Amino acid sequence: MDEVCRFCTLSCTTLENIFDERERTDNEPLLISILQYCTNCEVSECDSLPQNICGPCKSAAKYAFEFKLGWEQSNKYFMERLSESEQFKIKYEVDEICRFCTLNCTTIESIFAERERTDNEPLLIVMLECLTNCEIREFDPLPQNICGPCKSAAKNAFAFKLRCEQSEKYFKDLLIACDQKPDIDELITGDSCSSENTFVKEGIKPEPGTPLKMLAPPDGF
């Protein structure tokens with residue numbers, strides 16, 4: 001299974017080992033930490049699953065990490081503002097602010113609004129709660145809106161997380177069926193990995209030549 005990506009099950013020319021040391025930007029955690037943080041999947045160097053990741057999945061993992069970490073920082077920010085408002089009797093206007101990036105945005109919309117969805121696409125609120133592991137209630141004191149870029153980021157992060165969970169199940173079921181590491185020919189893979197556009201949509205991918213800005217990792221990373 002050395003020739004397939006652990007997270008999309010596809011064979012790819014851009015494969016690299018998940019555990020290899022690589023150059024990182026300031027405050028950027030290890031790739032293995034990013035993967036475990038945004039997928040909730042156990043990734044061990046000693047397990048029998050593929051040890052590689054393709055370029056598109058690596059990029060998708062970083063964007064998913066950014067979204068989840070940004071949410072935690074935004075949530076902390078709003079809770080601090082609410083505490084201040086109670087202490088100093090200050091009223092904060094939150095109706096025109098995105099709950100996930102704290103910014104005022106022209107593309108803002110309610111998290112709970114009914115909207116057109118593709119087949120099998122869950123409600124936006126379901127995706128957001130799955131990604132953040134937090135309850136988001138319609139009548140809590142935090143902002144009730146999300147901006148266009150954060151909405152796209154949430155959908156991409158959810159798609160990546162779901163694909164990781166499905167791939168993990170696929171490989172584990174395959175190992176049980178084969179009772180050993182299967183040969184590459186036994187894997188149901190595509191000819192090549194998905195393009196980066198599979199995961200990175202408008203409003204999420206940086207402009208060409210712009211480095212990915214990583215936020216400070218959570219405590220313990």
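Guide: A helix here is a DSSP run of H or I with at least four residues, numbered from the N terminus. The model under discussion is predicted. In this model, helix 3 spans residues 124–132 and is followed by Asn133, whose phi is positive, near 60°.

Visitor: Which residues of helix 3 are buried?

Guide: They are Leu124, Ile125, Met127, Leu128, Leu131 and Thr132.

Visitor: What puts these residues on the same side of helix 3?

Guide: They cover an arc of only 160° around the axis, which puts them on the same side of helix 3. As a general principle, an α-helix has 3.6 residues a turn, so residues three or four places apart point the same way.

Visitor: Why is Gln144 called buried?

Guide: Buried means under 20% relative accessible area. The value for Gln144 is 19%, and therefore Gln144 counts as buried.

Visitor: Which residues have the most contacts inside the largest nonpolar core?

Guide: They are Phe7, Phe100, Leu128 and Phe160, in a core of 43 residues. Helix 2 (55–88) is one of the elements giving two or more residues to this core, and the largest share, 8 residues, comes from helix 2.

Note on methods:
Residues are numbered from 1 along each chain as its sequence is written. This is a predicted model: local features need pLDDT of at least 70, side-chain atom pairs count only at pLDDT 80 or more; totals for chains, interfaces and linings use all residues. Side-chain values use heavy atoms; hydrogens and water are left out. Buried means under 20% relative accessible area, exposed over 50%, partly exposed in between (1.4 Å probe, protein chains only). The arc is that of the directions from the helix axis to the C-beta atoms. A nonpolar core is a set of buried Ala, Val, Leu, Ile, Met, Phe, Trp, Tyr and Cys residues joined through side-chain atoms within 4.5 Å.
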